[in-house]
Amino acid sequence: MPKRQLMLALDVGTTKVSALVAEARPDGELAVLGIAATPVVGMRRGLVFEVERVALAIRDAANRANSMAGSDLTQAAVAINGDHLTITPGQAKVSLKSGVIRDEDMQRVLERAAHVELGAGREVVRVIRRGIAVDGFRGVADPQGMVAHTLEADVFVVTGLSTVIRNLRHVVNMAGLQPLELIPAPEASALAVLSAEEKQVGVVHLDVGGGTTGVSVYRSGQLEYFGVIPLGGESITSDLSVGLGVVATQAERLKLEHAAVASEREGTLEVRAVSGQSVKLIPIKEMQEIVAARVDEWTDYVEQHLQRIEWTKGPAAGVVMTGGGALLKGLGPYLETRWGWPVRLGTPIGLGGLSDLSRSPGYATVVGVAKAMASHEQSRTVESPWQRVVQFWVNLWK
Ligand SMILES: Nc1ncnc2c1ncn2[C@@H]1O[C@H](COP(=O)(O)OP(=O)(O)OP(=O)(O)O)[C@@H](O)[C@H]1O
Ligand SMILES: [Mg+2]
């Protein structure tokens with residue numbers, strides 16, 4: 001019987017840790033066998049701040065996903081997030097000794113392309129392949145076995161702050177798990193929800209989390225840009241808490257149940273005071289103004305990222321949003337009006353098994369981490385970040 005390919009994926013988000021146990025099926029589908037999310041305190045804007053509390057949440061989510069799947073996986077691929085993540089383009093060209101492109105040549109050119117200036121305190125998280133050229137012909141999808149004199153590679157090297165990376169690995173270890181590869185959260189969530197056609201014709205992807213927003217642009221089938229904004233749905237909650245004089249849990253409930261962008265709704269809402277039985281009246285208009293101000297500021301930040309792209313026309317496939325923050329009522333229509341592009345919610349695709357929960361936009365990152373693993377059948381721990389990068393490419397190439 002063929003060996004079953006099970007994997008554990010983790011997303012240590014600002015508001016929740018998600019864990020997913022999945023099986024990579026031979027037909028390319030990912031079967032979800034176990035999925036769990038545990039609320040977390042101790043993360044800020046995608047970064048670990050309170051190690052023990054975060055470790056407990058990781059352990060809880062992973063245990064529940066494992067027990068649902070009847071598995072006992074301890075090696076996990078983990079999403080990494082935060083505005084410390086940046087991309088640097090890298091290129092390399094190698095001459096082919098044998099005249100035929102082999103694994104070693106591909107490995108050599110990708111290794112060289114990934115040698116970019118890292119900057120102090122930074123390390124490689126991941127190398128994203130963008131384009132391969134054979135004897136100057138660009139856009140070759142599978143050059144293996146082709147006869148050529150030269151092979152060129154274009155990559156994006158995703159780098160991050162070493163201290164953030166070390167702490168993420170440390171907290172996963174403290175939870176009793178071994179972190180394998182780290183997958184940038186924006187890349188993972190895009191992998192979960194975007195189709196090849198959307199990436200081909202052009203699409204903007206926004207992963208709107210609690211403390212971060214990932215902004216990615218795909219065109220001509222490739223990643224063209226990504227950046228992370230240290231702002232997400234939590235800032236709306238804290239603005240509501242301060243602006244309306246209610247505690248954070250009440251502000252969160254008001255946001256989930258009543259807040260909407262560009263809403264004309266009037267009247268008042270009753271909120272029970274924290275101590276005692278008295279009731280506080282919240283003017284809806286005031287609440288919506290607070291939400292609108294924050295969403296306006298957030299949109300300005302997103303636009304600063306989108307302005308770095310040269311657009312002749314907008315993205316033909318529009319904007320696809322994931323993350324819990326994308327569920328804010330009225331956000332999609334607001335962005336459609338402001339940008340003139342279609343905006344939709346992205347739900348994970350290509351899933352089987354227990355997929356109801358995993359089809360929610362809030363689980364896109366953890367699903368994408370599993371998909372990234374499934375696509376290159378990573379199955380072992382390797383020591384250094386550099387080895388991991390090389391191993392990744394070796395696997396992908398096969
Ligand atoms: N229905 C909803 N309406 C508005 N906001 C929502 C809704 N559901 C969830 N959210 C918000 O989504 C945010 C959490 O999203 P998500 O779970 O994607 O974040 P995360 O992955 O923990 O954080 P990050 O990606 O920033 O590290 C919270 O701020 C939450 O209030
Ligand atoms: Mg997230």
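Helix H7 contributes the most to the shell around ligand 1, with 3 residues. Helices and strands are DSSP runs numbered from the N terminus (helices H or I, at least four residues; strands E, at least two). The model is predicted, so local features need pLDDT of at least 70 and side-chain atom pairs pLDDT 80 or more, while totals for chains, interfaces and linings use all residues. Residues are numbered from 1 along each chain, ligands are numbered from 1 in the order written, and side-chain values use heavy atoms, without hydrogens and water.

Helix H6 (233-244) and helix H7 (248-257) each supply at least two shell residues. Of the 20 residues around ligand 1 (a heavy atom within 4 Å), Thr 14, Thr 15, Lys 16, Glu 252 and Lys 255 come nearest. Polar contacts are pairs of N or O atoms within 3.5 Å. Oxygen atoms of ligand 1 lie 2.6 Å from a polar side-chain atom of Lys 16, 2.6 Å from a side-chain N or O atom of Lys 255 and 2.8 Å from one of Thr 212. Alone, ligand 1 exposes 650 Å², of which the protein buries 87% (Shrake-Rupley method, 1.4 Å probe).

Methods: Polar contact = N/O pair within 3.5 Å; in protein donor to acceptor, adjacent residues only side chain to side chain.
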